[in-house]
Amino acid sequence: MKETSVVTLARHVVEEERKHPEATGAFSDIIHDIALAAKVISRKVNMAGLVDILGRTGETNLHGDSVQKLDVFADEVIFKAMDHTGHLCCMASEEHPEVIPIPERFPRGKYVLLYDPLDGSTNIDVNVSIGTIFSIHRKVSDGDHGCLDDCLQVGSRQLAAGYVVYGSSTMLVYTSGAGVYGFTLDPSIGEFLLSHPNIRIPEEASRTYSINESNHPRWRPAQKRYMDHLKAQGDLSSRYIGSLVADFHRTLLKGGIFMYPADSKSPKGKLRLLYEASPLAFICREAGGAATDGRRNILDLKPTELHQKVPLYIGSKDLVDKAGDFLSGDSEI
Ligand code: P6P
């Protein structure tokens, strides 16, 4: 019997779990439940142009971003996929100002889920790839209920991190600290199939730099000097989608650097540490890349607020390190 090459996400997670005798299966369940939520969101995203869920709800989220109906849908799908499982002590979402408790009627567990339910949602109406980002920590507080301290953990303590990119295909990419694995959804059978085993960020020449250059007037001099340096190298193409998950996914697979710097309008940058920068930094490190705030490793930053922002330089280690060389003298970071 020929060895099957079809490895489902479920099979992969079980095989990874077998490498850890102490594993209880809870983590495998969490990844499975996230994948289920991703399938439901993917179906809705792919129908967005056909069903009355485009456009805005008329509300704005805590960050002042207009909330699109798919944002709300994705947030609810993830919460309802996870709230009853007994594996989580609490959750935190970009769409909620405070920590989300597990409803009293359900058991609580020893893990914490932080998530951005639908990042890049301003691109929904123009059919550009969007994504879900998630980060899993172990509960650190005493008692049965999770709390803010369980969410405000340094990125290096993450147990797992991943994203789902809803693009030309739907892919789930995750790491649990032993490599980065990519699974592509086959909608005809409703399974995520291993398509990108052990992703490593390449050093080859098809690398890109990715940044919103319209912000150039607001950049600090050190940022401008680094951009001039990158362009002078002549071996990087410029690509910017404006959807973090899509821009990061390309950077992970092709190499290069994605930047969202601090600037005079956003002194802490725009992206959030807990459920954007930190999980992507964990994935990038596991793929042989690096991620900083311009000077410090993202995974070393101790969060102080649930929705705190951070400048982000992420991608090929040589390019991220070089950014640090230019920016390290910038005392304003
Ligand atoms: P700008 C999308 O709104 C988002 O949060 C990220 O997905 C993306 O990387 C960034 O903002 C784009 O921001 O200022 O370039 O439009």
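In helix α3, the buried residues are L70, D71, A74, D75, V77, I78, A81 and M82. Together they span an arc of only 160 degrees around the axis, so they sit on the same side of α3. Please keep in mind that this is a predicted model.

**Helix α3**
- Helix α3 runs over residues 69–82, and its 14 residues should span 20 Å at 1.5 Å a residue.
- Its end C-alpha atoms are 20 Å apart, which agrees with that expectation.
- An α-helix has 3.6 residues a turn, so residues three or four places apart point the same way.

**Around the ligand**
- D119 has a polar side-chain atom 2.5 Å from an oxygen atom of the ligand.
- In the side chain of N212, an N or O atom is 2.8 Å from an oxygen atom of the ligand.
- For K270, a polar side-chain atom lies 3.0 Å from an oxygen atom of the ligand.
- On its own, the ligand has 400 Å² of accessible area, and the protein covers 81% of it.

**Residue A26**
- A26 counts as buried because its relative accessibility is 8%, with the cut-off being under 20%.
- Between A26 and L319 there are 293 residues of separation in sequence and 37 Å in space, C-alpha to C-alpha.

Terms used
Residues numbered from 1 in each chain as written. Predicted model: local features only at pLDDT ≥ 70, side-chain atom pairs only at ≥ 80, totals over all residues. Heavy atoms only, no water. Polar contact = N/O pair within 3.5 Å; in protein donor to acceptor, adjacent residues only side chain to side chain. Areas by Shrake-Rupley, 256 points an atom, 1.4 Å probe, with all protein chains shown as cover. Helix = DSSP H or I, 4+ residues; strand = E, 2+ residues; numbered from the N terminus. Expected span 1.5 Å × (residues − 1). Buried < 20%, exposed > 50% of the residue type's maximum accessible area, 1.4 Å probe, protein only. Arc of directions from axis to C-beta.
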